[in-house]
Amino acid sequence: DFPEVSLRVRDAISGYVLEWLITGQVDVAVVYNAPKRAKLALETLISDELMLVGAAGQGAVQSEAPIDLAEALKLPLVLPSPQHGLRDVIDSAAASISVEPNIALEVEGIHSLIRFAEEGYAYTFLPFGSISYHVSQGLLGARPIVNPSVPSVLSVAMSTMRPATKAMKQLFRYIREDVTRLLETEVWQLRKPPSEDSTKEP
C-alpha cells in the first residue's frame, strides 16, 4: 500500500525508545509501561501481570503455583536497567512491600534477560507473552506472582510533536491488529486491556 515507504526496526530498552520517539528518531514505538506524557499518544495493547521466570524444572520454578512477591524478590535476579519501564514497575512493587530486590545482574534487553534465565544464572520477572515460546519448548518455567501481583502494560506510541503521516497511522493499525490476532489465537495467554484504558487512534 505504501511502495515509497521503507521500514526500519530498532530494538532497545523502553527509556531509550521513548527518547528516540520524542526526538524524532523513530515514528512509532512499542514499549512496556510507558509513562503518560503530554508529548505522547499511547494506546494500550496488552494489560498483563509479571511472572517469576527461570530455567525450566530448576529451583523456584519447579512448581507452577503462585509465589509471593516478597519471596520472589529474595531470589537472585537478573533485571533490566533502571531506564527500562519494566524495572520501574518492579522497583515500585518492591518498595510497596518494603523488600529490596536481590539483583545479581542488570542487563539492557529482554532477550538478554531470557538468555540468562534459560542458562540458570538467575531468575527474572517478565510477562508471559514475552516467554510463551520458551515455556512451550521446555526452556523456561514460570510462576504467577501474588501478594501483590505486578502489573505490566505493553503500549504502542506515537509522538504528538509531529504530524502523523498516513504510513505512520497504518503501521499503528498494523501493530494493533497483529497483537489482537495473537490474543485471539491464544499465542499469548493474556488479558485484553479494558477499553477505557486505551486512547483513541491518533
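A: Arg 10 lies over the face of Trp 20, at 3.8 Å from the ring centre, where a charge sits over a ring if NZ of Lys or CZ of Arg is within 6 Å of the ring centre and within 35 degrees of the ring normal. This is a predicted model, in which local features need pLDDT of at least 70 and side-chain atom pairs count only at pLDDT 80 or more, while totals for chains, interfaces and linings use all residues. Residues are numbered from 1 along each chain as its sequence is written, and side-chain values use heavy atoms, with hydrogens and water left out.

Arg 115 likewise lies over a ring face, that of Phe 116, at 4.7 Å from the ring centre. Phe 116 counts as buried, at 16% relative accessibility (buried means under 20% relative accessible area, exposed over 50%, and partly exposed in between, with a 1.4 Å probe and protein chains only). The structure holds one aromatic pair: the ring centres of Phe 116 and Tyr 121 are 5.5 Å apart and their planes are at 55 degrees, so the pair is tilted. Rings of Phe, Tyr and Trp (its six-membered ring) pair if their centres lie within 6.5 Å, and planes under 30 degrees apart count as stacked, over 60 as edge-to-face and the rest as tilted. Tyr 121, at 46% relative accessibility, is partly exposed.

Helices (H or I, at least four residues) and strands (E, at least two) are DSSP runs, numbered from the N terminus. Glu 43 is buried, with a relative accessible area of 8%, whereas Arg 176 is partly exposed at 22%.

Arg 87, Asp 91 and Glu 106 are linked in a network of salt bridges. Arg 87 and Asp 91, whose closest N and O atoms are 3.0 Å apart, both lie in helix H3 (residues 85-96), four residues apart, about one turn of the helix. Arg 87 also meets Glu 106 (2.9 Å, N to O), and as Glu 106 lies in strand S5 (residues 103-107), this pair ties together parts that are 19 residues apart in sequence.

Terms used: A salt bridge is a side-chain nitrogen of Lys or Arg within 4 Å of a carboxyl oxygen of Asp or Glu.
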